[in-house]
Amino acid sequence: MCELFGLSATQPIAARDSPLGQFRLRGGLLADNPDGWGVAWREAGAADDFRIEKEPFAASQSDRYAALSETLNSDLVVAHVRKARYPPVNTLNNTHPFQRVCCERNWVFAHNGLVPEIVDMERDNETRFCRPDGETDSEFAFCHLLSHVVRHFHNPDANWLAMLGEVSQMIAERGKFNFLLSEGRHLIAYGHDRLHYLEAAGGPIDVALIATEPLSDHDGWTPFAPGELRIYRSGSLVQQMQTQSPEHTPPLR
């Protein structure tokens with residue numbers, strides 16, 4: 001099944017000094033995710049904007065990804081390697097991360113899991129915000145999340161974190177739903193049943209890493225509690241929410 005990688009830091013980090021290159025090998029060499037890859041990152045001085053590179057074939061065989069692993073320099077990264085399941089079709093439009101402008105910000109989203117029921121739910125959504133360019137349940141889920149974000153994001157009386165947690169849990173109840181989301185400032189991570197984080201603070205820079213599977217031998221990698229939502233800004237955890245009660249949590253794997 002697909003895998004995720006995210007980075008949030010107080011200042012730009014060279015890709016060769018992060019696990020981004022190691023994550024490339026999860027795309028068809030060290031793990032069975034050969035059906036596409038994508039990397040979204042905020043460039044220095046880009047003011048909440050993202051660049052995205054992606055291809056609908058194996059990251060481990062991609063010269064473009066290999067080049068990014070040497071040249072990319074960023075303080076905010078969302079990356080994905082794909083195992084095509086819904087649908088089992090490799091196209092650029094089905095390749096994560098997906099991108100939309102919402103609430104005057106540029107959002108990116110990548111998903112690990114399977115939530116096919118969200119497709120019909122979003123097609124029937126009377127307040128839908130966007131229409132997917134591809135066919136994946138993941139992009140339908142992204143549009144569904146944004147249809148709620150757009151109603152709450154600029155409302156000072158609304159807790160958009162709580163709203164996002166509630167909607168994420170609702171989607172997760174219909175399958176497997178681990179994701180990374182960003183609006184150019186925060187790295188938002190939801191771990192339903194398969195996600196880890198690694199935090200380093202107090203040194204020259206603060207860094208938070210998110211990955212489906214630990215990407216180094218560092219013993220600080222910690223699994224998300226099932227249904228845990230974590231929000232980072234500049235490498236620091238700024239908000240955390242638990243969306244599942246212990247008696248309803250799926251086993252970690």
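## A pair of neighbouring cysteines

Let's start with Cys 102, which is buried, at a relative accessible area of 1% (buried means under 20% relative accessible area, exposed over 50%, and partly exposed in between, with a 1.4 Å probe and protein chains only). This is a predicted model, where local features need pLDDT of at least 70 and side-chain atom pairs count only at pLDDT 80 or more, while totals for chains, interfaces and linings use all residues. Residues are numbered from 1 along each chain as its sequence is written, and side-chain values use heavy atoms, with hydrogens and water left out.

Now look at Cys 103, which is also buried, with a relative accessible area of 12%. The sulfur of Cys 103 has its closest cysteine sulfur in Cys 102, 3.3 Å away, and that is too far for a bond (a disulfide is a pair of cysteine sulfur atoms within 2.5 Å).

## The one disulfide

By that rule, the count comes to one disulfide. Cys 130 and Cys 143 are the partners, with an S to S distance of 2.2 Å. The torsion about their S-S bond is about -125°, so this disulfide is left-handed.

Cys 130 sits in the loop between helix 3 (117-123) and helix 4, while Cys 143 is in helix 4 itself, so the pair ties together parts that are 13 residues apart in sequence. (Helices, H or I with at least four residues, and strands, E with at least two, are DSSP runs numbered from the N terminus.) Cys 130 is buried at 7% relative accessible area, and Cys 143 is buried at 0%.

## Two helices side by side

Helix 4 (residues 137-152) packs against helix 5 (residues 160-172) at an angle of about 155°, and their axes are 10 Å apart. Axes here are lines fitted to C-alpha atoms, for helices over the stretch in contact, and angles run from 0 to 180 degrees between N-to-C directions. Helix 4 and helix 5 are therefore roughly antiparallel to each other (that's over 145 degrees; under 35 is roughly parallel, 65 to 115 roughly perpendicular, and the rest oblique).

Who does the touching? Helix 4 brings residues including Ala 141, Leu 145 and Val 149, and helix 5 brings residues including Trp 160, Leu 164 and Ile 171 (contact means heavy atoms within 4.5 Å).

Most residues other than glycine have a negative phi, and most peptide bonds are trans. Cys 103 has a positive phi of about 55° although it is not a glycine, and it is found in the loop between strand 5 and strand 6 (105-114). Glu 104 lies in that loop too, with a positive phi near 65°. Glu 104 is exposed, at 77% relative accessibility.

Where are the cis peptide bonds? One joins Tyr 86 and Pro 87, with omega about -5°; another joins His 96 and Pro 97, with omega also about -5°. Pro 97 is in the loop between strand 4 and strand 5.

Tyr 86 belongs to the loop between strand 4 (73-81) and strand 5 (98-102) and is partly exposed, at 32% relative accessible area. Leaving out residues up to four places away in sequence, Tyr 86 touches Leu 114, Pro 116, Val 119, Glu 135, Thr 136 and Asp 137.

Val 238 is in strand 13 (residues 236-242). Val 238 is partly exposed as well, at 43%.
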